[in-house]
Amino acid sequence: MSLNVRVNDAALSGVAEKVVAGEPLTLADGVRLYETSDLHGLGRLANYVREKLHGDRAYYNRNRHINYTNVCALSCKFCSFYRKRGEEGAYEMPVEQVVATARRAADAGATEVHIVGGLHPWLKFDYYLDMLRGVRTACPDLHVKAFTAIEIIHFGRVARMSVEQVLTHLRDAGLGSLPGGGAEIFDDRVHDEVFKGKVRADKWFDVHRTAHRLGIYSNATMLYGHVETPAERVGHLIKLRELQAESLANSPAHFNCMIPLSFIPEQSELGHLPGPTGLTDLKTLAIARLMLNNVAHVKAFWIMQAALGWGCDDLDGTVVWYDITKRLGDSAAPTHQELHVNDIRRLIREAGREPVERDTLYRPVRRDAVTGQVVRGEPALV
Ligand code: SF4
C-alpha cells in the first residue's frame, strides 16, 4: 500500500487501501471505522481524503440565517424551536421584515441568506414567492438558500402542486439552493421511534432529486447521537452517496456539502438521552468524509475547530439566529452564534489551514481590500 496514511488497527488495513484507491466504502467498512480504537488512524484517513481534495484550504462563508416563523403544524420530539399558533413566543415575520433583514445582511457583507421555518398551517404559497421576489429585488447579488425538504412538501400540500411544480415556482422567484435539513436518519426504525410525523427518506430524496434535476443545488445533513446505531448512520451516508452518484450522472446540480449535526437533547422531548460525546462527533465527521467519496465538502460548526484535521474543509461560523434544533428555552433569547470574520479566519489559521471565503457554490469570494465589497468576476468552481 503506497501510503502516507498509517493505521495501527489491522482491521482497518483493507479500508485504508480502498480510501487510497478512491474506492467507495461498504456498510461493513463504515461500521469497522466506528468500532476501531485506532482513533488517530481514522483521523489520518479522513485527513488524507480532505487534503487530496482541498489541500490546506478551509472554507467559510458570510451568511445570515432567517427563521421566518416558528409556528409549526408538527411537534417533532427533538425540536425545541416550534410553537403552536397563539402560544407565547410564537411569531410569523411579514415578508417586508424578511426582505429588510436580508438587505441588512447584504449591506453587512453577507453573500447568502439561509431561510427556513416551521410548517405554518395558514401561510399561503404566495407568501414564500413574495419573500423570494422581494429579496431578489432588494439584493440581486445575494444567494437565497431556503426551505428544507419538509417545507417544500408542505408548500405542495398548501398549493396543491407537485414537488416539481413547487420547486419550479420557487426557483423562478429567486430560490438559489436548498439547505440539507430534515434528513435526520434515513431508517424506518429510527424514523418511527423519533421522527414520526416527519417525511420518510423516500420523500426527502424525491425533493432533492427533483431539485438537482431542475438545476437547484442542495446540501445534505445527518442528525446523529440520539437513538440510532452506528450501522444506521453508515446506512444513511450510503443512501446520500447513491443519490449523489445518480445526480452527478444525470442532473445539472447535486449535493455541494454534507453537514453532520450533533443532536442536543436538552429542552426537547428526548431530554433523557445523553447526547453524543465529543469523540462521537469527531468520528462521525471523519466517517462522513470517508463514506461520501463523491461529495466535495464536509462542514463542521466552528466550535469543532479540530475537525479541520479530521476530514472537514468548511467551517460554519458567521451564522446568526440559528434556532431550529438548538437549545432554546425562550425564543426571545436566541442562540447568537455570529463570529467576526477575523475570528473565523484566525480559528482556521490556528488549525494550520488557509482560510478561503467562498460563496454558496464554493466559488472563492474576492473582496476589495479597502471597502470589503465583493469584487464580481467569474471564479472557477472549487
Ligand atoms: S423540526 Fe421542523 S417540522 Fe419538526 S417541529 Fe421543528 S420546525 Fe416543525
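Student: Is Arg 160 buried or exposed?
Tutor: Arg 160 is exposed in this predicted model. Its relative accessible area is 77%, and the cut-off for exposed is over 50%.

Student: Where does Arg 160 lie in the chain?
Tutor: Arg 160 belongs to the loop that links α6 (149-159) with α7 (163-173).

Student: What is phi of Arg 160 near?
Tutor: Phi is near 55 degrees there, a positive value in a residue other than glycine. Tyr 362 also has a positive phi, near 65 degrees.

Student: Okay, Tyr 362 then. Buried or exposed?
Tutor: Tyr 362 is buried, because its relative accessible area is 2% and buried means under 20%. You can find Tyr 362 in the loop between β10 and β11 (366-367).

Student: Let's stay with loops for a moment. Where is Arg 353 found?
Tutor: Look between α12 (341-350) and β10 (354-357): Arg 353 is in that loop. With 7% relative accessibility, Arg 353 counts as buried.

Student: What does the side chain of Arg 353 join up with in a polar contact?
Tutor: The partner is the side chain of Glu 51, and the contact is 2.8 Å.

Student: And which residues does Arg 353 touch, not counting residues up to four places away in sequence?
Tutor: Glu 51 is on that list too, along with Asn 47, Arg 50, Gly 55, Asp 56 and Ala 58. Leu 308, Gly 309 and Ile 348 complete the set.

Student: What about Leu 339, where is its place?
Tutor: Leu 339 sits in the loop between β9 (314-316) and α12. At 13% relative accessibility, Leu 339 counts as buried.

Student: How many Å apart are Leu 339 and Gly 22 in space?
Tutor: They are 35 Å apart, C-alpha to C-alpha, and 317 residues apart in sequence.

Student: New topic: strands. How many residues of β3 are buried?
Tutor: In β3 (residues 112-116), 5 of its 5 residues are buried.

Student: Which ways do those residues point from β3?
Tutor: Glu 112, His 114 and Val 116 point one way, while Val 113 and Ile 115 point the other way. Residues on both sides are buried.

Student: How many bridges join β2 to β3?
Tutor: There are 5 bridges between β2 (residues 63-67) and β3, and the two strands run parallel. To get from β2 to β3, the chain passes through helix α4 (residues 95-107), in a right-handed β-α-β crossover.

Student: And how many bridges join β3 to β4?
Tutor: 4 bridges join β3 to β4 (residues 143-146), again as a parallel pair. Together with helix α5 (residues 125-138), β3 and β4 make a right-handed β-α-β unit.

Student: Is β7 mostly covered or mostly exposed?
Tutor: Strand β7 (residues 255-262) is mostly covered, with 7 of its 8 residues buried.

Student: Which strands are joined to β7 by bridges?
Tutor: One of them is β6 (residues 217-224), which runs parallel to β7 and is joined to it by 7 bridges. Another is β8 (residues 297-301), also parallel to β7, with 2 bridges.

Student: Which residues stand opposite each other there?
Tutor: Ser 218 stands opposite Phe 255 of β7. For Met 258, the bridge partner in β8 is Val 298. As for the path of the chain, β6, helix α10 (residues 230-250) and β7 form a right-handed β-α-β unit.

Student: Now His 208, where is its place?
Tutor: His 208 is in helix α9 (residues 201-213). It is buried, with a relative accessible area of 0%.

Student: And what is His 208 in contact with, leaving aside neighbours within four places in sequence?
Tutor: The contacts include Ser 218 and Phe 255, the pair that stand opposite each other. His 208 is also in contact with Ala 149, Leu 178, Pro 179, Gly 180, Asn 219 and Leu 243.

Student: Last one: which residues are around the ligand?
Tutor: They are Cys 72, Leu 74, Cys 76, Phe 78, Cys 79, Phe 81, Tyr 82, Gly 118 and Lys 198. By class, that shell has 7 nonpolar, 1 polar and 1 charged residues.

Technical notes. Residues numbered from 1 in each chain as written. Predicted model: local features only at pLDDT ≥ 70, side-chain atom pairs only at ≥ 80, totals over all residues. Heavy atoms only, no water. Near = heavy atom within 4 Å. Nonpolar A, V, L, I, M, F, W, Y, C, P; charged D, E, K, R; others polar. Buried < 20%, exposed > 50% of the residue type's maximum accessible area, 1.4 Å probe, protein only. Polar contact = N/O pair within 3.5 Å; in protein donor to acceptor, adjacent residues only side chain to side chain. Contact = heavy atoms within 4.5 Å. Pairing = 2+ DSSP bridges. Right-handed = clockwise from strand over helix to strand, strands pointing away.
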